[in-house]
Every structure is written in structure tokens, then in C-alpha cells.
Amino acid sequence: MMRLYGNAVSPFVRKIRVLLLETGQDGDVEMVQAAGHALDSSAMPLAENPLGKIPVLTRGDGPALYDSRVISRYLDARAGAGLYPETRLWEVLTLEALADGLMDAATLIVYEARCRPPELRSADWVEGQWARIERALETVNERWMSHLTGKLTMAQIAMGCALDYLDFRHGDRPWRSGHDALAAWSADFSERASMRATAPHD
Ligand SMILES: N[C@@H](CCC(=O)N[C@@H](CS)C(=O)NCC(=O)O)C(=O)O
């Protein structure tokens, strides 16, 4: 039995949980609770991932796998699921990287507010993360919409998880205005059974 270290709020972990459901591998993986941040990694699988980040996937026949993009490539190959179609491989990988970068920026803002004492917080630094998110949204809305339709890919799963995370943790900053095509796509994608089953909750 494989083990997936993670929790119900991490958008990176959610990518893997959606993949597992979409590819019929859900029953092959046991979830192990893990949580933490740079200032407290005690409940993170440090022996499996020295970076102290989740998701981590352990398997019987090889070293533990991280990060989420490595795990998703592995599980896609394991199931022969075609979430990284050969003909669009570089586009799918780049769009997944863009979604992951969006999640990185969104989670860094949360850590800044939760982990730093008020006197060490930087509003400019937070705005810098928001600028990154805004540019990513703009780019997807302007250039990548054609890649979000058609047969399911890992880029779609990652983008769906990234956008839902913005709603979940940053609902005070409406991301939809000016990004109509992306907003419509997100509304539709969130209805998938795999997305509904993995919606983030505290
Ligand atoms: N690039 C990594 C990012 C994973 C990541 O940042 N996960 C967060 C949870 S949402 C985490 O483990 N944070 C703990 C920390 O930064 O110390 C991946 O794709 O797996």
C-alpha cells in the first residue's frame, strides 16, 4: 500500500488526491495526516522529505517521492492515465508549473500572516506575491484557455486546485474580475466529482 502524507487544505496535496480519484487509484493509497511550516516541521514527514513539505508519496519499491509534480508524473505513468499527453507535454508541464507557482505565492501570503510576528510582516512583500498571482491569472486567461479544455490533463487539475485555493484562503481578494474565461472554466471544473470530493476545509 502506498502512503500519501498530506492534509485537507493543501492545494498541492489536493492535486494528487484529484489525480488518484480520476485515475481509479484512490484505493491504492492510504492518507497520512501531516501539517506544518518552516517554523514548525515537527508534524511533517521529515525522514521521507528533508524539505519538510507535503505532499510526499511512499511506495514499497523505492525511495519516497516528492514534490507534487514528481508524484503526479509517477502516478500518471503507473496508471497509464495519459494526463501528460505526449503531443502537448511541454505545454502541460509549463501550465502545471504556472499553477504550482500560483499556489506557492498564495501559500506564502498565508505563512506570512500566520507565522511572522506583526512587526516583521511586510505589506510590500505580500503585494509582490499578489502581483505574481495577478500576472499568472492574466496569462492563463489570455493565452492558455485552449489548453484547459479537452481531455483531462494534469495542468487542468493543478489550475483547478490553485483557483479554488484562492477562494478558500483569499476570498477577500476577488480574482475573477477581468478574467471571465478563466472564471467560467473554474466554475465548471469545480463541479467534477473528484473536485467536489476534495474541496478544502479546515
Ligand atoms: N513544490 C512543492 C510545494 C509543496 C508545498 O509548498 N506544500 C506546503 C503545503 S500547501 C508545505 O508543505 N508547506 C510547508 C512549508 O513550507 O514548510 C510541491 O509541489 O509539492
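Leu4 is buried, with a relative accessible area of 0%; buried denotes a value under 20%, exposed one over 50%, and partly exposed anything in between, computed with a 1.4 Å probe and protein chains only. Leu4 belongs to strand E1, which spans residues 2–6. Helices (H or I, at least four residues) and strands (E, at least two) are DSSP runs, numbered from the N terminus. The C-alpha atoms of Leu4 and Ile16 lie 8.7 Å apart, with a separation of twelve residues in sequence.

The model is predicted: local features require pLDDT of at least 70 and side-chain atom pairs pLDDT 80 or more, whereas totals for chains, interfaces and linings use all residues. Residues are numbered from 1 along each chain as its sequence is written, and side-chain values use heavy atoms, with hydrogens and water left out.

The ligand sits in the largest pocket. A pocket is defined on a 1 Å grid over the protein atoms alone, as an open set of points with protein on both sides within 12 Å along at least five of seven lines; a cavity is a set of points where a 1.4 Å probe fits but cannot get out, and lining residues have an atom within 4 Å of a point. A molecule sits in such a space if more than half of its atoms lie within 2 Å of the grid points. Of the 14 residues around the ligand, those that come nearest are Ser10, Ile54, Asp67, Ser68 and Tyr111; a residue is near a molecule or strand if one of its heavy atoms lies within 4 Å of it. The shell comprises seven nonpolar, five polar and two charged residues. In this classification, Ala, Val, Leu, Ile, Met, Phe, Trp, Tyr, Cys and Pro are nonpolar, Asp, Glu, Lys and Arg are charged, and the others, Gly among them, are polar.

A nitrogen atom of the ligand lies 2.8 Å from a backbone N or O atom of Ile54. A polar side-chain atom of Tyr111 is found 2.7 Å from a nitrogen atom of the ligand, and an N or O atom in the side chain of Ser68 is 2.6 Å from an oxygen atom of the ligand. The protein buries 88% of the 510 Å² that the ligand exposes when taken alone; accessible areas come from the Shrake-Rupley method with a 1.4 Å probe, and for residues only the protein chains shown count as cover.

Two cis peptide bonds were also examined. Ile54 and Pro55 are joined by a cis peptide bond with omega about 5°, and Pro55 lies in the loop between strand E2 (29–33) and strand E3 (56–59). The bond from Tyr66 to Asp67 is likewise cis, with omega near 0°; Asp67 is placed in the loop between strand E4 (62–65) and helix H2 (68–79).

Further positions were considered individually. Ala43, in the loop between E2 and E3, counts as partly exposed because its relative accessibility is 45%. Its C-alpha atom is 8.4 Å from that of Gln33, ten residues away in sequence. Thr198 lies in the segment after helix H7 (193–197) and is buried, at 2% relative accessibility. The side chains of Thr198 and Arg14 make a polar contact at 3.0 Å. Such a contact is a pair of N or O atoms within 3.5 Å; within protein, one must be able to donate a hydrogen and the other to accept it, and residues adjacent in sequence count only if both atoms are side-chain atoms.

Ser146, in helix H4 (residues 123–148), is exposed at 53% relative accessibility.
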